[in-house]
Amino acid sequence: MRPSIKHHTRKLALILMSAGAILFSLALTAGHAAAQTPLHPTFPFLDKEGGNVLDSGKPVSTMQTCGQCHDTGFIASHSFHADAGLSSATNAGSTSTGRPWDTSEGLYGKWNPITYGEPVDGTNDLTWLQTIGLRHVGGGPAQAAGVEMNCFLCHLNSPDNDLRIEMLEAGRFEWANTATLADSGIVSYTAGNYEYNREAFDENGELRTAFLSIQDPANQNCGQCHGTVHMDQTPLVLTDCEDTGWETATTGIVFAAQMLTNTGMNLKNKTELTRAHDIHVERLVECTDCHFSINNPIYAISGTDSLDNLQFDPRRLDMGEYLFQPVHQFARGQSAQGSIAPELKDSMRRCESCHVVDETHDWLPYAEKHMEAIHCETCHIPQMYSPALQQVDWTVVQVDGSSQTTCRGVEGKTGTINDLVTGFNPALLQRKNIDGSIKLAPYNLITAWYWVYGNPQQPVPQEVLQAVYLDGDDYRQEIIAALDSNNNGQLERDELALDTAEKAALIAAELEALGINNPQIWAEVQPYSINHNVADAGWAIQDCETCHTDESQLAVPVQLASYVPGGVIPNFISGTNTIANGRIYTDKNGALFYQTALDKNSTYIFGHHNVSWIDWLGAAMILGVLGGISVHGGIRAYSARKQAKHQPELKKIFMYSFYERIWHWLQTLTILILAFTGLVIHKPEMFGIFQFKGVVLVHNIMAAILVANAALALLYNLLSGDIKRFIPEPKGFFNQSIIQAKYYLSGIFKNEHHPFEKTRENRLNPLQQVTYFMVLNVLLPLQTITGILMWGAQRWPEISNRLGGLPRLAPFHTLISWSFVAFIILHVYLTTTGHTPLAGIKSMIVGWDEVEVHLSEPESTEEE
Amino acid sequence: MKNNKFLWILVLVISVALVILPLVLFLPFDKTDKVDPWANVPNRPTHTDHTNLISGTFETGQEVTQACLECHPETAGQVMSTAHWTWESKPIEVPGRDEPVTVGKKNQINNFCIGIQGNWQKCVTCHAGYGWEDETFHETATEDQVDCLVCHAGVGTYAKGDYGLPLEGIDLTIAAQSVGVPTRQNCGSCHFNGGGGNAVKHGDLDESLYWPSASLDVHMGEHNFQCIDCHQTEDHNIKGRSISVSLDNENQVYCTDCHSTNMHEDERLNAHLDTVACQTCHIPQFALEDPTKVEWRWSEAGQDIGDDPHVYLKIKGSFVYASDVQPQYLWYNGVADRYLLGDPIAAEGPTAINYPKGDINDPTAKIMPFKVHVADQIYDTVNNYLIQPKTVGEGGYWTEFDWQLAATLGSQITGLPYSGSYGFTETIMFWPTTHMVQPVSEALQCTACHSEDGRLDWLALGYPGDPIEWGSRFENGN
């Protein structure tokens with residue numbers, strides 16, 4: 001075909017278009033390169049009066065500087081990080097903790113024995129700011145000292161937190177926020193003076209883009225106050241539970257993606273730990289992904305999201321509106337200690353909001369039951385891999401003025417890399433959620449002892465404690481004399497403890513001598529929720545035996561302390577969401593333990609719980625039967641020896657059809673296996689070599705076979721009319737029963753004939769009839785029904801629950817099992833009462849029986 | 001009912017069904033794709049001891065081969081049809097070239113010792129044959145020139161020298177009596193020494209694999225694999241391909257020959273497999289023990305500044321060695337563009353000898369780790385192509401240190417015209433990192449790539465940004 005002009009034009013257009021496309025894509029590429037720099041516009045730094053700090057040389061005001069675009073007043077007043085409990089401050093003693101000196105639910109006013117410090121009473125704000133408040137972001141209670149909410153601390157790529165803290169401690173409050181900028185090249189700090197780096201600003205006094213490092217808060221930003229965050233691949237080193245950051249010290253959580261095999265810690269078995277501390281950190285889920293600003297339109301959970309007819313409400317804030325007024329209330333869970341901003345509890349997405357739970361747990365028996373009773377964290381945070389606080393003893397003071405502190409999860413007390421970090425299993429306590437549900441969740445329990453005085457009580461000031469214990473850089477001679485157990489003239493770490501009443505009384509007297517009125521030792525257990533350091537499926541608890549044994553992880557005692565200062569037994573602090581109704585006790589070494597109490601009336605745990613009277617009754621039944629047959633059998637053997645051998649006239653008749661025999665032995669097999677597997681499930685700790693999950697599976701399969709076999713037999717007997725053999729005839733039943741009983745009780749020893757002739761049509765004697773009637777019509781159906789209901793508790797929980805649920809069904813099932821076992825023993829014994837001991841069993845195998853002839857009857861002509 | 005003689009069969013069937021049905025209903029059947037990786041690992045039968053089968057003395061390697069052929073007459077013919085003998089591929093159609101082309105050590109160059117033509121004396125030390133002295137070798141060679149011993153002789157009994165002949169002093173009788181299934185030592189004697197010495201060429205193949213630890217190579221270290229457990233061999237045709245000497249990807253060895261494609265317990269990891277080669281995560285570094293050569297400057301050869309085999313040699317120029325090297329990551333669909341003798345060098349930047357093919361839009365391409373070797377080598381500044389110089393032997397650069405002469409002599413042998421004017425140009429070569437698979441505890445974690453300073457240059461790979469945030473190239477999220 002001849003190319004037309006039109007064709008040429010099109011070709012040209014194509015060339016031009018593709019050239020354009022190339023240019024456009026080049027431009028796009030260039031655009032991408034530019035997008036590497038932050039979108040945040042540049043801005044001048046302003047002081048409190050709104051003047052450029054380059055001109056005034058004054059400290060930077062975050063409210064003014066960031067307030068040029070953002071509504072900083074709104075942000076500071078919508079932030080529980082800034083508020084820290086100030087706005088909810090109340091009279092001393094009326095907070096949820098119950099401590100007589102606590103004045104709020106936040107960091108400001110909620111005293112903590114771990115950090116000690118002075119109780120906040122409104123007169124000592126500066127002291128608070130320079131101690132506890134070093135972890136506070138500014139604004140709120142710090143406002144009075146001129147410390148504004150510190151935007152830089154969370155939004156700068158490399159904030160200088162150390163210099164910020166230094167300024168606060170030095171009382172140079174106004175420079176604290178400016179100090180945060182010292183690592184960014186914007187301001188330099190030399191010889192106590194701040195100088196703005198003019199190179200960092202353009203001719204308009206605005207920051208040059210090269211110095212702009214504003215960002216969404218990264219994990220490291222949060223970690224400055226919240227705990228150990230370790231995002232790079234250099235080996236992480238942690239040796240003890242002090243100075244590791246708040247959350248790490250109190251719970252052992254570490255925010256690190258690093259594989260534990262590569263950790264720098266002296267961690268036990270680390271070569272096998274091919275997991276990271278936390279799967280979410282490993283998978284690049286950041287703090288702010290879950291703890292988002294609640295009006296961030298990307299994450300916001302709208303109230304209407306929960307409407308039945310809506311999955312998602314698209315009516316959201318525009319990005320601009322959000323950036324102008326980003327609420328700095330962050331979505332949060334409901335941790336035990338988080339009593340501030342209760343309205344935000346459970347405002348974050350929980351595990352099951354992101355994760356598909358049903359499909360991934362289809363392997364788990366009673367998946368729904370499990371999830372009703374336990375939080376995801378319980379199985380998915382099986383082990384912490386760093387030390388955490390266990391015991392804080394402020395009844396004594398070390399030479400550096402600190403408390404005597406004990407970590408859990410570490411062997412050795414040198415505080416160096418030589419100590420072996422073993423990690424620890426979280427304590428499992430029931431947690432009362434705000435939706436009213438109660439589920440098990442993991443915790444670290446920290447127990448603290450400290451002196452209080454006065455009325456209402458107050459913690460004894462640290463200076464006073466130090467005055468009692470210390471003389472300059474060493475302990476006072478009196479203290480050494482009183483506590484130096486090995487008389488070497490020095491106080492070792494282990495000796496520094498008020499482990500006897502005399503020692504406690506001595507210190508109390510010393511305190512009183514210093515004007516401390518009525519000193520007493522108080523003690524409290526603080527539960528700290530563990531919600532991080534999540535493990536993926538491969539590392540989560542999957543062994544049933546972890547919980548379903550006598551030594552269940554759910555009830556394993558948790559050590560609270562290695563000694564009890566002053567002999568004061570602590571109580572759980574109130575105001576947390578835990579149900580701490582367990583047992584606190586000391587062992588023979590004086591160590592203190594807590595054991596969770598799991599109420600078997602509400603939570604029945606297979607393999608862990610049992611109703612002891614049922615087991616005793618079962619044991620009594622079996623022992624009774626064994627005893628009875630021993631006596632009976634003994635007398636039989638004895639009388640048989642004394643008397644002439646009984647030689648009845650025998651005839652061979654066909655007694656049991658092929659089907660009957662198959663049925664019988666299949667039942668035998670399944671019942672034996674059921675009894676055994678049932679026992680393993682009931683007492684797994686006695687059968688450690690069996691895998692619980694597998695045993696449950698075998699039990700279920702055998703039960704299904706048994707039930708089907710029984711149902712089929714019922715059908716067979718009904719259709720064939722053989723059912724009649726099993727139904728006792730009312731006429732003469734009692735007489736005949738008595739005759740039969742008499743035979744067993746006396747005649748059998750005297751070599752008498754069996755009172756009733758055994759025939760194919762009438763092979764069961766009256767006692768057998770009534771026994772089988774009970775076994776087949778009462779025990780078997782009951783066992784079947786309870787078994788099905790227990791198995792079905794995961795499918796039709798409402799039916800099971802109507803009958804009392806597992807706490808009722810399981811013990812009942814056990815009781816019937818014992819009865820079955822007792823029956824089987826008796827049954828087997830009675831098969832030996834034929835003309836020879838093995839005749840009965842033999843006939844059930846071959847079908848032909850030799851029976852005693854009483855009256856002459858025509859021989860059975862039946863053939864197999 | 002009772003009269004039916006066969007009723008018992010029915011009863012039996014029902015009873016059996018009674019047992020089997022609950023089993024089928026209750027027993028969990030694992031639906032995940034579980035493949036036993038050992039199923040594909042060959043059982044190595046004990047090799048027949050040849051000590052008593054071979055007698056007499058052998059003067060030459062050829063005599064040994066003749067002895068082998070008495071019992072294994074078909075073997076020499078088999079070897080002579082494989083690349084280990086031909087050093088040249090079969091003709092292959094390549095897009096952009098008019099005629100089918102062949103590549104191989106025989107006729108092409110690399111950016112190590114450049115090329116073998118005219119340099120047979122030294123280069124064919126590693127040829128599985130005897131006496132390759134000139135370009136006529138493959139037309140004239142006889143079956144007894146196949147070197148059986150290099151692959152089959154026992155450890156420490158055999159070594160080759162010039163022209164591929166046994167080194168002087170080798171007791172060929174002992175070597176012949178020691179024959180067995182090829183071991184790492186047999187393969188390694190050449191493949192670990194590619195490029196002129198241990199660890200020079202590949203980075204993931206070197207003498208550390210003779211006695212490897214589990215952390216160096218999980219297959220050879222922990223499970224004591226031999227090369228041929230993966231490079232399985234039939235009729236002397238050994239499985240495996242390398243983009244340095246191959247244009248196709250036939251007969252390749254894959255991880256998935258033994259391992260399932262969804263073997264990770266974690267769905268998210270399995271989802272990576274459409275885009276990321278196994279090697280990318282499981283070989284985080286190469287040259288773990290022995291440093292490998294990453295740079296070779298031929299242009300600096302010929303100076304008397306003191307020789308150090310890892311820094312400078314007068315005959316070869318200067319080198320850079322590196323160990324614990326992080327690979328470079330490129331899209332790769334299994335084949336590469338091969339520079340052929342006579343091709344023009346790159347107009348800008350270095351000339352790639354074998355640039356891996358594939359890009360983000362190629363669904364068969366995956367992100368694969370490579371060792372990248374940079375060199376400069378001689379080229380014809382007028383004709384604008386690389387030159388294959390004569391280095392070994394009479395008039396060669398290694399004796400005369402005269403590039404002009406080496407280029408002229410090389411040109412006479414290859415037939416590629418030489419203008420008389422030479423210079424040096426940068427060339428790069430890519431070596432897929434595929435050995436030294438490390439234990440799972442060493443495998444890369446998410447943050448190795450998905451982080452601010454991650455290993456992958458997303459923009460260079462063609463992504464708008466980290467696919468964890470920007471989405472992946474496939475709709476299914478892989």
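Trainee: How are the residues, chains and ligands numbered or lettered?

Mentor: Residues are numbered from 1 along each chain as its sequence is written, while chains are lettered from A and ligands numbered from 1 in the order in which they are written. Since this is a predicted model, local features need pLDDT of at least 70 and side-chain atom pairs count only at pLDDT 80 or more, whereas totals for chains, interfaces and linings use all residues.

Trainee: What is the mean pLDDT of chain B, and which ipTM does the model score?

Mentor: pLDDT is the predictor's confidence in each residue, from 0 to 100, and where it is low the predicted coordinates should not be read in detail. In chain B, 97% of the residues reach 70 or more, and the model has a pTM of 0.80. The mean pLDDT of chain B is 92, and the ipTM is 0.77.

Trainee: How many helices and strands does chain B have, and what share of its residues count as buried?

Mentor: Helices (H or I, at least four residues) and strands (E, at least two) are DSSP runs, numbered from the N terminus, and chain B has 18 helices and 12 strands. The C-alpha trace of chain B spans about 105 × 70 × 45 Å along its principal axes. A residue is buried if 20 or more other C-beta atoms lie within 10 Å of its own, exposed if 12 or fewer, and partly exposed in between, with C-beta atoms placed from the backbone. Of the 478 residues of chain B, the buried share is 37%.

Trainee: Which element gives the most residues to the side of chain A that touches chain B?

Mentor: Two residues are in contact if their C-beta atoms, placed from the backbone, lie within 7 Å, and by that criterion 26 residues of chain A are in contact with 21 residues of chain B. The elements giving two or more residues to this side of chain A are α22 (658–682) and α23 (692–720). With nine residues, the element that gives the most is α23(A).

Trainee: At roughly what angle do the axes of α23(A) and α1 of chain B cross?

Mentor: Two packed helices are described by the angle between their axes and the distance between the axes. Here axes are lines fitted to C-alpha atoms, for helices over the stretch in contact, and angles run from 0 to 180 degrees between N-to-C directions. The axes of α23(A) and α1(B), residues 7–26, come within 9 Å, and they cross at roughly 145°.

Trainee: How many nonpolar residues does the contact of α23(A) with α1(B) have?

Mentor: Among the residues of α23(A) that meet α1(B) are A:L697, A:I701 and A:L712, and the α1(B) residues include B:I14, B:L18 and B:F26. Ala, Val, Leu, Ile, Met, Phe, Trp, Tyr, Cys and Pro count as nonpolar, Asp, Glu, Lys and Arg as charged, and the others, Gly among them, as polar. By class, this contact has two polar and no charged residues, and the nonpolar residues number 12.

Trainee: Why is one side of β15 and of β18 in chain A left without a neighbour in the sheet?

Mentor: The open sheet of three strands has the order β15-β19-β18 (chain A), with antiparallel pairing, where two strands pair if DSSP finds at least two bridges between them. β15(A) and β19(A) pair over three bridges, and A:F593 in β19(A) is the bridge partner of A:Q559. One side of β15 (558–561) and of β18 (583–586) is left without a neighbour because each stands at an edge, with a single partner strand.

Trainee: Is A:I434 buried or exposed?

Mentor: A:I434 is found in the loop between β9 (427–432) and β10 (438–453) of chain A. Leaving aside its neighbours within four places in sequence, A:I434 is in contact with A:Q334, A:K345 and A:D346. Because A:I434 has 10 C-beta neighbours inside 10 Å, the residue counts as exposed.

Trainee: Which residues does A:V399 contact, leaving aside its neighbours within four places in sequence?

Mentor: A:V399 is found in the loop between β5 (388–393) and β6 (404–408) of chain A, and A:V399 is partly exposed, with 15 other C-beta atoms within 10 Å. The residues in contact with A:V399 are A:L470, A:D473, A:D474 and A:Y475.

Trainee: What is the phi of A:Y116 near?

Mentor: Most residues other than glycine have a negative phi, and most peptide bonds are trans. A:Y116 lies in the loop between α5 (80–83) and α6 (125–130) of chain A and is buried, with 22 other C-beta atoms within 10 Å. The phi of A:Y116 is positive, near 60°.
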